Amino acid sequence: MAAEFDAVVVGCGPAGNTAAYRLASAGARVLLLEKEALPRHKVCGGGLSAKTLREAPFSLAPVIEREIRRVVIAYEGSQPVARELAGIGAMSQRATLDSFMTQQAVAAGASLRERETFERFELEGGRIRVTTGSGTVTAHVLVGADGVYSRVRSQLFPGAKPLMVPAIEALLWPAPGVLDMVGDTCIFDLGVIPAGYGWVFPKRDHLNIGLYRFRKRPDNRDMKGLLDAFIARYRILRRHERIQVKALLIPVGLAAPRLARNNVVLVGDAAGLSDALFGEGIYYAVRSGTLAAGAILGHLGSRRPLAAYDRMMAGLRFELAAARAAARLFYTSPRLGFRFGARNKAISAAFAGMIAGTVSPARALATLVVLAPYWLVAPPMRPVESPLVG
Ligand SMILES: Cc1cc2nc3c(=O)[nH]c(=O)nc-3n(C[C@H](O)[C@H](O)[C@H](O)COP(=O)(O)OP(=O)(O)OC[C@H]3O[C@@H](n4cnc5c(N)ncnc54)[C@H](O)[C@@H]3O)c2cc1C
């Protein structure tokens, strides 16, 4: 049976788009399957760290709504500390980001089928038969980039689930003048949710706000109440014109010991690749998409086993394990985390470096642990006057 495609990639998020772009750019015959009509919204802050911008296979400048230059960290809407962090990252909206990335993959030669849902796969004589809502196709390789509730994953590793933690977002159109006040600043609040943080991210015409919680049992029941309390605590959020709220889980632990099996690989959220300290996942989606494409090209070109992907991922897996250990430590007591961590210059520099990509999660964890005697006695950064907080 001849394969129609070298690779079928399920999902037009950053992971699938990156894999499809890299494969198609190298001359592979790629089919991208997406169950939604594009552009589609994805529940996400749309924050692009500096390391994501560097790792992306092409410039993301056309979809950047704001460059971030300043970060304010507060506790229950008070005691804000501020850091000037030009170059730490930028803000996008997922609908435009993902559509733009899909367009690049298509321009590189990938075929796209929107509103076509992946249903299941079967191995047939060394090929993969993929059944969708509209028929079947065959391919050498299948890439599961279908997000947190991945169907490809459930079929590849039945019963295996990544560690998932809850998050909730609101798109909030604030009162006139607020967006100008927020400008190029991101706000984080460590006191508005137990074992997590609240964020305020400025977009072109609205704010994306939300809560992340590092909690092993993904219980989203009280997230809406905590979000309402967060909004009530901040003047800039209280008097809003419109709001849309949505919750989703973030996978912060690997889906399975291996991410490649037979001719199928998992990338991005489908593989469980978000960082547990911040809930950042776009970087890991893009990076795993790139590594998967490399392993697939090696397999298509010289029949190298696809298991090479697991070896390539070893470094990333180690870093994500370090981020989980840092999260366990940091979120044990957010009050102490704020007092001794966020308000400590060395610790907050390590965390900012982790976002920028200049400090690895393992080094951030080591800073947290090794410098403990120092950060417990060092004078904390002084709170600033900020009209954005409280
Ligand atoms: C509230 C919240 C805020 C977040 N904020 C940030 C942030 O600011 N920055 C950051 O870096 N990360 C953030 N994340 C994490 C980030 O959203 C994810 O890690 C990232 O989207 C993973 O990308 P992906 O390509 O793996 O999956 P996704 O972006 O989820 O894409 C999967 C795609 O697959 C499609 N699909 C699913 N099933 C099928 C099927 N059966 N057939 C066909 N198509 C299918 C979906 O429609 C979707 O388009 C946040 C997450 C949440 C929940």
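The C-alpha centres of domain 1 and domain 2 lie 30 Å apart. This is a predicted model, in which local features need pLDDT of at least 70 and side-chain atom pairs count only at pLDDT 80 or more, while totals for chains, interfaces and linings use all residues. Residues are numbered from 1 along each chain as its sequence is written.

Domain 1 comprises 5-45 + 94-162 + 252-320, and domain 2 comprises 67-88 + 164-250; such bounds come from an automatic or database domain assignment. Between the two, nine residues of domain 1 are in contact with 14 residues of domain 2 (contact: C-beta atoms, placed from the backbone, within 7 Å). On the domain 1 side, five of these residues are nonpolar, four are polar and none is charged (nonpolar: Ala, Val, Leu, Ile, Met, Phe, Trp, Tyr, Cys and Pro; charged: Asp, Glu, Lys and Arg; polar: the others, Gly among them).

Turning to the ligand, 38 residues surround it, the closest being Gly11, Gly13, Gly45, Gly268 and Gly281 (a residue counts as near if its C-beta atom, placed from the backbone, lies within 6 Å). By class, this shell has 16 nonpolar, 13 polar and nine charged residues. Each domain gives the shell at least three residues. Helix H1 (14-25) and strand S10 (164-173) are among the elements that each supply at least two (helices are DSSP runs of H or I with at least four residues, strands runs of E with at least two, numbered from the N terminus).

Leaving aside residues up to four places away in sequence, Leu227 touches Ile168, Ala170, Leu211 and Val245.
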